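Dear colleague,

I am handing over the structure we spoke about, placed just below. My notes on it follow, and I would be glad if you read them beside the coordinates.

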Amino acid sequence: MSSVASVLLAGGIMVALALVFGVILVVVSNALAVKKDERAGQVEKLLANSNCGGCGYAGCAQFAAALVKGEASLADCKATPAANKQQIAALIGGGDTGEETVAVVHCNGGNGCFNKYDYQGYGNCSACELLAGGVKACPVGCIGKKTCADVCAYGAIDVGDGGYAVVDKEKCVSCGACIKNCPKQLIGRVPKGAKVYIACSNHGRGKEVTELCSRGCIGCGLCAKNCPAGAIAMEGSLPVIDYAKCVGCGKCAAVCPRKCIKTM
């Protein structure tokens, strides 16, 4: 056999082998491929797509994938509107959509809370908190240096003239960014339909609180005594609202001598 024929034969064999192995690779890859659930893309489009991480996942795409696999709960997402959650529930075959909520700041001390020292450092709550637990005499007082406002992608929270953070209920999507980043853990969630909330987090007795703040709850219990629905109970020296019972009459806010029950 001539050298040319030998080269052509070898080349032909190599091409044939390449074709055979190519076919095998295609068959194997198709057999082993992880099939994507098309519902994940549909679910992702219905989510808020804020990628806030409040659900515990890195982003909405990962959360959507977990939802269709049954590894996550719709209730974990606070940012997606209720109407969209209903559509998602229909797509994935049900699930707890969770109650719509908004964030509130459980403090109204601000300028009424005494300072421990004159802070001259970088204007951020987290940085200020590193120095003796923050500038405020109250150990759970709002520092008021806008860490929450800085991390809110919706412009729903800011520090007003009172010196403490306030949430704009209409802008808040309850993503939880402010909750996670408040160094004093003063921000929580209440039902979106709530009419009042407790704007203090100090469980101290009346005298202890008055020595720290002119606006803090003194635990007088007037709110609980005057609630016609029995929706307020005192836990230690601080009232707690049972929103399942609250009728939103506002009497608690009206009788609070320190004005630390706020209307929404």
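Does Asp 158 count as buried, partly exposed or exposed? Asp 158 counts as partly exposed, because its relative accessibility is 38%, where buried means under 20% relative accessible area, exposed over 50% and partly exposed in between, with a 1.4 Å probe and protein chains only.

Please keep in mind that this is a predicted model, in which local features need pLDDT of at least 70 and side-chain atom pairs count only at pLDDT 80 or more, while totals for chains, interfaces and linings use all residues. Residues are numbered from 1 along each chain as its sequence is written, and side-chain values use heavy atoms, with hydrogens and water left out.

Salt bridges

A search of the whole structure gives 2 salt bridges, a salt bridge being a side-chain nitrogen of Lys or Arg within 4 Å of a carboxyl oxygen of Asp or Glu. In one of them, the side chains of Lys 146 and Asp 158 meet at 3.6 Å, N to O. Lys 146 lies in the loop between α5 (125–129) and α6 (147–151) and Asp 158 in strand β2, so the pair ties together parts that are 12 residues apart in sequence. Here helices (H or I, at least four residues) and strands (E, at least two) are DSSP runs, numbered from the N terminus. Lys 146, at 36% relative accessibility, also counts as partly exposed. Lys 207 forms a salt bridge with Glu 211, with the closest N and O atoms 2.6 Å apart, and both of these residues are exposed.

Of the 264 residues of the protein chain, 38% count as buried.

Hairpin

Strands β6 (residues 232–235) and β7 (residues 238–241) run antiparallel and are joined by 4 bridges, pairing being assigned if DSSP finds at least two bridges between two strands. Ala 233 stands opposite Val 240 in β7, and in this hairpin, which has 2 residues between the strands, Gly 236 takes a positive phi near 70°.
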